[in-house]
Amino acid sequence: MAQAKIQAKMNEAACSKFSRTLSMADRSGRLLETLDQLEIRVEALREAASAMEQERESILEMIQSLQNSQEMRNICPGEREELTLTADRLMGRTLCVEISIGTIRNPQQEEALQKATSIIDEIVKKLLSDMEGARHQLLALHAACVTEAPPVPIDQKFQAVVISCALEDQKKIKRRLETLVRNTENAEKNIKIMDHQKLDDTKANGGH
């Protein structure tokens, strides 16, 4: 009789333990599922913030392009002043929008980002003295950031540095180079237009 009671207690304890184990596993599963859902939302949040950051950059670039455009120079001073004030106001409002997306980096990635940034900064400094040469260098750096075969030579050293950067930093480096190349090409076009107009003005004055 006593043996039967002991066995019954053991069975009861085993069932109770098994029940608790299932309950803990169930709770753990629910928590894991919640974390998985939160991870999806976090990634969506970061992607949305990144899209907003790119939109901000695009708006600023468009405003700057408009301010420096040939069309702006060709209108009368009164209208140009009014449009310039509007552009400045839009620029100020856009700059007030601050978007910050932190990137987790290990020491190697941090060092690689600093190297890549320094390389680009050095070329940017050369734009005023040698725009054409600097543009070709920027194209070589950009070629190092794309997966498809580019039509220009690739800067192999820069490519090795970029590969060592965090993935998000790689995307930002590529976007910065794309913006610099576009701005450089637009600046060259404006210089050629202004120089052509100067030649036309000189011929017109000589004709008189």
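How many residues apart do arginine 135 and glutamate 132 lie in helix α5? The views below start there. This is a predicted model, where local features need pLDDT of at least 70, side-chain atom pairs count only at pLDDT 80 or more, and totals for chains, interfaces and linings use all residues. Residues are numbered from 1 along each chain as its sequence is written, and side-chain values use heavy atoms, leaving out hydrogens and water.

View 1. Arginine 135 and glutamate 132 sit 3 residues apart, about one turn of the helix. Helices here are DSSP runs (H or I, at least four residues), numbered from the N terminus. The two side chains form a salt bridge, with their closest N and O atoms 3.3 Å apart; the term means a side-chain nitrogen of Lys or Arg within 4 Å of a carboxyl oxygen of Asp or Glu. Arginine 135 counts as buried at 14% relative accessibility, while glutamate 132 is partly exposed at 36%. For these labels, buried is under 20% relative accessible area, exposed is over 50%, and partly exposed is in between (1.4 Å probe, protein chains only).

**View 2. Helix α5 meets helix α7.** Arginine 135 also pairs with glutamate 185 in a salt bridge (3.7 Å, N to O). Glutamate 185 lies in α7 and arginine 135 in α5, so this pair ties together parts 50 residues apart in sequence.

**View 3. Helix α1 meets helix α7.** Glutamate 57 and arginine 175 meet in a salt bridge (3.5 Å, N to O). Glutamate 57 belongs to α1 (residues 2–67) and arginine 175 to α7 (residues 167–207), so they link parts 118 residues apart in sequence.

Technical notes: Helices (H or I, at least four residues) and strands (E, at least two) are DSSP runs, numbered from the N terminus.
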